[in-house]
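Please examine the model shown here before reading the discussion.

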Amino acid sequence: MTPIAPHISDFLRERLPQQRGASEHTCDSYAYAFQLLFQFASQRLQTTPSSLYLEQLDAPLIMDFLHHLETERHNSPRTRNARLVAIKSFMRFIEYRVPALLEHSRRILAIPAKRTDTRLIHYLSLEEMQALLNAPALQHRDGIRDRAMLHLCFCAGLRVSELVGLPLQALQWQPSPNVRIQGKGRRERVLPL
């Protein structure tokens, strides 16, 4: 039997942040997925999470866990799939560290993601956008700054996290004014001003 504790520690502390360059949010999300999985497995197997072995986390247990997420925790299929992605990523890591469990890992990697509907993104009407742009008090310096930030968000379609993470060096005035945005997933785009 292979204890899971040293492998999950290496995965969350080294593999994700250092080797894969995953963001802090991704690391936190994966850690939470494993916290939920270990709680479920420890209740099902009547053992403590620190006593779990890799062999105990088999495909049927993972399928039961995913079903538990949807039925008892009332998670959406999207959230279920996010937890499955974390588990599969860990199993790919385990393939190289514990080759004896290759077939075990393959069974878990074969678990399919659930199909999800693409949600329609709701947008603000022109009147709602104008009301937000008019909200800052333009008599004050902070109000002018806030309006400029809101205007940039609307015009460039920025996420709030992209806006607040913009460094001053992202603005370029020559040869034509533009802003360099680093978005979700470290995707970069340049937008004209």
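The questions and answers below concern this predicted model.

Q: In which order do the three strands form the open sheet?
A: The pairing in this sheet is antiparallel. Strand 1 and strand 3 are the edge strands, each pairing on one side only. The order is therefore 1-2-3.

Q: How many bridges join strand 2 to strand 3?
A: Strand 2 covers residues 178–182, and strand 3 covers 188–192. The two run antiparallel, and the number of bridges that join them is five.

Q: Which residue in strand 3 stands opposite Val179?
A: Strand 3 is an edge strand of the sheet. The residue there that stands opposite Val179 is Leu191.

Q: Is Leu171 buried or exposed, or partly exposed?
A: Leu171 lies in strand 1, which comprises residues 171–172. Buried requires under 20% relative accessible area and exposed requires over 50%. The relative accessible area of Leu171 is 33%, so this residue is partly exposed.

Q: Is Cys27 buried or exposed?
A: The limit for buried is under 20% relative accessible area. Cys27 has 12% relative accessibility, so this cysteine counts as buried.

Q: What is the count of disulfides?
A: A disulfide is a covalent bond between the sulfur atoms of two cysteines. The rule applied requires a pair of cysteine sulfur atoms within 2.5 Å. By this rule the count is zero.

Notes
Residues numbered from 1 in each chain as written. Predicted model: local features only at pLDDT ≥ 70, side-chain atom pairs only at ≥ 80, totals over all residues. Heavy atoms only, no water. Helix = DSSP H or I, 4+ residues; strand = E, 2+ residues; numbered from the N terminus. Buried < 20%, exposed > 50% of the residue type's maximum accessible area, 1.4 Å probe, protein only.
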